[in-house]
Amino acid sequence: MMSVVRYEAAGQIGYIVVSNPPVNALSAAVRQGLVDAIEAFAADDARVAVLYCEGRTFIAGADISEFGKTPRPPLLPDVIAAIEASEKPVIAALHGTVLGGGLEVALGAHGRVALAGTRVGLPEVTLGLMPGAGGTQRLPRAIGIEKAAEVITSGRQIGAREARNLGILDAVAAAADARTAGTEEAQRWLDDDRAPRRLSEVPAPTIADDALAALRARVGAAARGQVAPLRALDTMVEGLAMPFSEGMQHERAAFLELMQTPERAALIHAFFAERAAGQMPADARPRSFARIGIIGGGTMGQGIAAAALSAGLDVTLIERDQAAADKAAAGIGRMQDGAVRRGKLSQADRDAMLRDRFRTGSDYAALSDVDLVIEAVFENMEVKQQVFRQLDQVCREGAVLATNTSYLDVNLIAQATRRPGDVIGLHFFSPANVMRLLEIVIADATARDVVATAFALAKSMGKIAVPSGICDGFIGNRMMLAYRTAADHMVLDGASPFQVDRAIIGLGFPMGPYQVGDLAGLDIGYATRQRKAATRDPRERVPVFADRLVEAGHLGRKSGRGYYLYDEQSPKGRPDPEVEPLVAQVRGDLGLTPRGFDDEEIRDRYMAAMVNEAAKILDEGIAAKPSDIDAVLLHGYGFPRYKGGPMHWADAAGLAHIVANIRRYAADDPYFWELSPLLDRLANEGRSFSDLNVDGK
């Protein structure tokens, strides 16, 4: 079998070539191959070696198949030490995504050159870890403590030009391939007769106490409860105060300690949950979707159009009249202007996509030859069915017809056509050009190749796709209704909406439920309650205070007033002093005697409602597996990533404990706190939700 790393002798320049597709991950074989290649280079007459990778990227990081397993020697720090110890220069020629251990390998080389478009980074903190093979000790020696701290504690990817300006790279090459770029850089080293330049031998930088305190404060604020970023910063600074070899040992010890933390387990779970969610059906091939039609040019339609354009698709957007179409086009243009400002898109590409791959109109006939249509109109069944009747008339045979409904029954929408097999739900999350979650709602008659098309479209747009069955609200919105209802009940019983928000933010969410309501618009929940009023169970407790706010015109941010006030003084909102008196009046009208809630009880009830509803969704087959639910809540509802998602959180908290809480709450409200049979069964059997990710029910 051919080695994944080879050494090629070629005169004065030798080549260390890594070929471990698809991303040249640092498997045990690659690590051993690098050590063997360095030994071969040492024995060769070549004066300089170029280390590069074949395929689409330089070493992109660790081998995920080895996650959680005892590492096999040689360990990565030893491999990098062998590269750095070479008595002859080693030049790393980078391309693609050079992340984690890949960048640490490059930092162990004596020179670094990259192709334009290369991205580098140390993303370990996003997995609850920190660099463990010299990143905290070599990077600050290359670029300084404060710059290294930002790179390490943010985990962000850095473009080649910025990496050159920071000092991570020596040069950004104009060459078309990494071998050529490395050869040109190696020749410069030969011409200048340069000796190896080892970062381990660079004097360690220092930082003043007051600057370090300010840096720790910034990192702590950004970390929002995560352990790894601050631990990485402290380990870096502490290690730099030691001899290099001791700093490396200090880094490795901290890395191994983080491997054992609950945060790391949660973040690794989230990592794999995302990858498990977007699996395309194996029994079908996707249809073409190069040409996309979009019905509706509001905020959602504009976001979907921008996402499709960024994915390289051709987009035709239909609105009710030309004025509305022009308004939508202007909004999409502004979104792409934002992408240009952020460096995600060049001005030339922005202009070309809007000129060549985007058009608007008001006549459905313009959709006659598109491959896939996404309807994004008002959330009303009659309106959506009328749209699909028209699409049925004008769209070509085999075109996929998708609805962006958030709650409605996709089966009923499909029945408005003569081709229900072509109909599917694509529930994007707003803003659709930013939010990564896409719920793929599969109707009873949806064809398998239509499902495959939806997953392929999601992949092209960079979305995390999660399949869902049909129920009111699908996975995410159904769960949100449950835990928001639990919050409303606590407010009816005596808690303040503002206390609830603070308690939930304390759990790690970026916003509390009432802040989220203000952001989305309180009229949305109001409309949902009105839609369900005729079939409401008399045992259901209604959040009358929420309806009173809407009826008074307090719709949230859009009206400048909801639970919070939004103005120049507090654009992000401050508690509206009229809310608590309004809630107190509602309690009086309903004959309720308020009681106190502490933050712990608020969190326990909120999370119990979330987990219980998720278990019902699993039991009904709406979600395929618990990790899919985690992916939905992580990417659509602000669930703190370092807690892994509600299913992972529940396993960590203990299912028996959650069940005991629900039984206690049910003594006062058996209707809402109806215990999920699946949750009860798992708790009784001593099993966990994670078991279902592997074994099913």
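1. A residue is called buried when its relative accessible area is under 20%, exposed when over 50%, and partly exposed in between (1.4 Å probe, protein chains only). At 4% relative accessibility, tyrosine 483 therefore counts as buried, and tyrosine 606, at 3%, is buried too.

2. A word on the basis of this note: the model is predicted, with local features needing pLDDT of at least 70 and side-chain atom pairs counting only at pLDDT 80 or more, while totals for chains, interfaces and linings use all residues. Residues are numbered from 1 along each chain as its sequence is written, and side-chain values use heavy atoms, leaving out hydrogens and water.

3. Now to the rings. Rings of Phe, Tyr and Trp (its six-membered ring) pair if their centres lie within 6.5 Å; planes under 30 degrees apart are stacked, over 60 edge-to-face, and the rest tilted. By this rule there are 11 aromatic pairs.

4. One of these joins phenylalanine 429 and tyrosine 637: the centres are 5.5 Å apart and the planes at 80 degrees, so the pair is edge-to-face. Both residues, phenylalanine 429 and tyrosine 637, are buried.

5. Back to tyrosine 483 and tyrosine 606: their ring centres are 5.0 Å apart with planes at 50 degrees, so this pair is tilted. Ring pairs also link Tyr483, Phe509, Tyr606 and Phe639 into a cluster.

6. Finally, look at two arginines. A charge sits over a ring if NZ of Lys or CZ of Arg is within 6 Å of the ring centre and within 35 degrees of the ring normal. Arginine 275 lies over the face of phenylalanine 271, 3.6 Å from the ring centre, and the charged end of arginine 595 is over the ring of phenylalanine 597, at 3.8 Å from its centre.
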